[in-house]
Structures are given as C-alpha cells and as structure tokens.
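Let's walk through this model together, one question at a time. Have the viewer open as you read.

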Amino acid sequence: KAPSGGEPTDTGTQTPPEPETPQNAAYVVESALELQRLTGLHDGDTVLMKGFYLPGDGGGGMFVWDEGSVAEIDGGTVFGGGSDTGRFVRDCEPNYRNVRWFGAVGSGSTDDTEAIQRAIDSLPASGGTVSVPGGNYRISQPLQIGNGDGANRHSTVNGIRLIGEGGGFASGGTQYPTRLTAAVPMETMLSVNGKISDVVLQDMFIDGNYMANSGIVIQAASGLTVTDISVGVTLVYGIQGLGGSGIGTENKLNRFETVSVYAVEEKTICLYMDGATESTPGNSMTTFVDCRFDTAQTENSYAVWMRSTTGTDFYRCHFNTYKDSSTGLVLDATNCHGYPYGNVFYDCSIVSVAVQEDQTGYIGRNFFYGYGTYDLEDLPEHPMLSGITDAGIPFNLGS
C-alpha cells in the first residue's frame, strides 16, 4: 500500500556504494639508512629523504616505493628495501645525476671515489649529466668515463657529461670550486675510454697532489669537449690524448677551451698527444682555444709534445717556459714518418720549438700565423715550420 499523499516507493535491494580507493601514504626520513629500513609500505607510497647522511647534505630527494621492482640498486637513484623485490626509486630526470645523491661529500677528508663512479655508471646508454657540486673530492682510484678498450670494444655509454662548479678559477665569495684530489699514488685521475663520443668535462680543478702521474687520459674519443678545466700537481703528464690501437680509434673532432695545465715536477709534459699506431695519426681535427700549458719553474719540462697528430688547431694559446732547459713545443716524428703534419698555430706564444726526427720519421708541414715575438720567442728554423710573425714577418715560406 502506497503511503498517503505520495507515490509508491521501490522496496527492492539498494546498490551499495563503491568502496573508496585507499590513498597512498607519505613518509619522511632523515637519511638513506632510514629509507632502507622502512617496512610495511604499499605500492606507490612516497618518501621524502632529507639527506644522504644528514638532512641538507645535498643527497636528499623524493622517492616512490615500487613493490614489484627488481631494478639494479645503485645507491643513489634506486635503493632496496631489505628484500629481493621492491625498490625505492628516486623521482628525477632519467639523464641527470648528482654525486651527492650517491654519498659523495666533497669535504676533502673522505674518499668519494665509489660515490662518484656509481653516479657515472648509473647513467643510461644515451648518457647524461653528472653534477659535481663545489667541494674537494678525494679519489683513490681513476674515475672511468666510458668502458671502451681503445681497440675493438666500444663504450656502451656515450654522451657522459661530468660538470663541476668553478673549474678551479673561482675565488672569493661563497662558491667553492669543484676539486678532484688524488688521495693515493695512481696512474691517472680521469680516464676517458673509447671508442666513445660526446663526452663533456667542465668546471673542475684536477689536483694530482704529487701522487697522480696524469690528470686526464683521453683515448679514442670523438666530439669531446673540455672547458674551464685546470690540471696541476701531476708527476709526468697533465693531459694525454692517445689514439687507440684499432681502426678508426683516433681522437678526433674534439675541443678544448680555457684549459690550464701547469707542471710542478721536472720532465713533466703538460699536454701530450700521440697514437698507438704508426700508420695513422692518433689525433686529428682537434681545436684548442685560449689554453695555457705552463712548465712554470721546472727544469727539462715540455709545455706541449705532439706526435702522430694532424689537423689540430691552436688559437691564442700560451706554451710557457721559464727555464732554458724546458721547451714550449716538441714536434716528434721518430718512427712515425710524415707526422706531425698540418697542425696550425694562430696567435700563439711559443718561446721555443724543437723537432725530433730519425731515419724512419720526418715531420710534415706545420703552420704558424701571428707567431708571437713579444716574449722574445725564437723563430722556428726547421724548413717544414713556416708562417708569419705577429709583426707580419714571414719565415720559411720559400721564394
């Protein structure tokens, strides 16, 4: 019976309301250690980590819990949660890393080698940027950029950009330039391992600390850029550019700008360019702009030593020597006939030039335009070294 004054009502079964979707939880932890100790999370929960060791140390960030993930744990962008499955995944761009995320401190007293290397190794195959904020990072092993062998194995990762702050040129204010300091004896501090392309090294001071034989070794790289880098206090070489031992493994199409290398030990070579093969040049089509190679007060040292090199241009570079026993530029053709060849020096200051040849090797033609004479530089006498001085006087151009 319908209620008085109204319409009949439906007395059937009512559809129950759909249950509300549970909201993901959000957590806050102080450090990476606390992050990895979290339990009872659900897929999609978020965690704000305030720092790697302590809040505000630069290693913090936002993470999402992926309960089904088995991604490789790298200790910076991916952390484990105490079981085989489930990962804390950092919310970040896929091609950007910060060494502080991986536990690097930059205090000048801790060993930051592992943290920096893990940051580099965590990049995807397409590469990306590894930021090294201002600070003094002590390293006990060479940092590896790429994993090629200079012969048949290509690097599986290209486009690696190692970017610091200040390049050793910053002074005063609140900014501390990025410094990599050798903590123990080692062959080299930074090793670029090709075949590899599109590497960038920028804004760092490479401090050999009287322990590293070389600051940077570059092998079989193309499209590499080195900018605002200072290298010093090494024992044998500052920077080495070495061709590989396979076909097409020379250093080529690389660029160095505002790079400074200085020597502190006798018989040091600030810049050494050579190749592993005798039949093809190890370095070609490379450009140096506004660079300084300085033997300082050392004896029997060399600003630049070139062998197996062609098509390399120097613009407004200084090849400084302060001792008569040291040499600004060595062109070495021993056991390498025809090279160095076709290298050009524009408006460069080179106090002295030496040529080394033997019965199997003679240099090719090299050119100097605006050859500096304001520091009483000696004009090259070798007939294959020709050009025009900064005063417009030609030399070795023939009749």
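Q: Which residues do ring pairs link into a cluster?
A: Keep in mind that this is a predicted model. Rings of Phe, Tyr and Trp pair if their centres lie within 6.5 Å. Followed from ring to ring, such pairs give a cluster made of Phe256, Phe288, Phe293, Phe314, Phe319, Phe345, Phe368, Tyr371 and Phe395.

Q: How many aromatic pairs does a search of the whole structure find, and what is the pair of tyrosine 302 and tryptophan 305: stacked, tilted or edge-to-face?
A: The search of the whole structure comes up with 20 aromatic pairs. In the pair of tyrosine 302 and tryptophan 305, the centres are 4.9 Å apart and the planes make an angle of 80 degrees. Planes over 60 degrees apart count as edge-to-face, so the pair of tyrosine 302 and tryptophan 305 is edge-to-face.

Q: What does the secondary structure of the chain come to, and what is the radius of gyration?
A: The chain has 2 helices and 34 strands. For 399 residues the globule rule gives 21 Å, and the chain is well over that, so it is more spread out than a compact globule. Along the principal axes, its C-alpha atoms fill a box of roughly 125 × 40 × 40 Å. The radius of gyration is 29 Å.

Q: What percentage of contacts between residues at least 6 apart in sequence join residues at least 24 apart?
A: For background, 49% of the 399 residues count as buried, and the accessible surface of the chain is about 18,500 Å², with 50% of it belonging to carbon and sulfur atoms. Among contacts between residues at least 6 apart in sequence, the share that joins residues at least 24 apart is 67%.

Q: Is leucine 253 buried or exposed?
A: Leucine 253 is in the loop between strand E18 (251-252) and strand E19 (255-262), and has a positive phi of about 55 degrees although it is not a glycine. Exposed means over 50% relative accessible area. Leucine 253 has 52%, so leucine 253 is exposed.

Q: Where does asparagine 209 lie?
A: Asparagine 209, which is not a glycine, has a positive phi of about 55 degrees. Its relative accessible area is 26%, so asparagine 209 is partly exposed. Asparagine 209 lies in the loop between strand E14 (200-207) and strand E15 (212-222).

Q: Which residues does glycine 51 touch, not counting residues up to four places away in sequence?
A: Glycine 51 is in the loop between strand E2 (46-49) and strand E3 (61-66). Its relative accessibility is 0%, so glycine 51 counts as buried. Beyond four places in sequence, glycine 51 touches Glu30, Ser31, Ala32, Gly56, Asp57, Gly59 and Gly60.

Terms used. Residues numbered from 1 in each chain as written. Predicted model: local features only at pLDDT ≥ 70, side-chain atom pairs only at ≥ 80, totals over all residues. Heavy atoms only, no water. Phe/Tyr/Trp six-rings, centres within 6.5 Å; stacked < 30°, edge-to-face > 60°. Helix = DSSP H or I, 4+ residues; strand = E, 2+ residues; numbered from the N terminus. Rg over C-alpha atoms; globule rule 2.2 N^0.38 Å. Buried < 20%, exposed > 50% of the residue type's maximum accessible area, 1.4 Å probe, protein only. Contact = heavy atoms within 4.5 Å. Areas by Shrake-Rupley, 256 points an atom, 1.4 Å probe, with all protein chains shown as cover.
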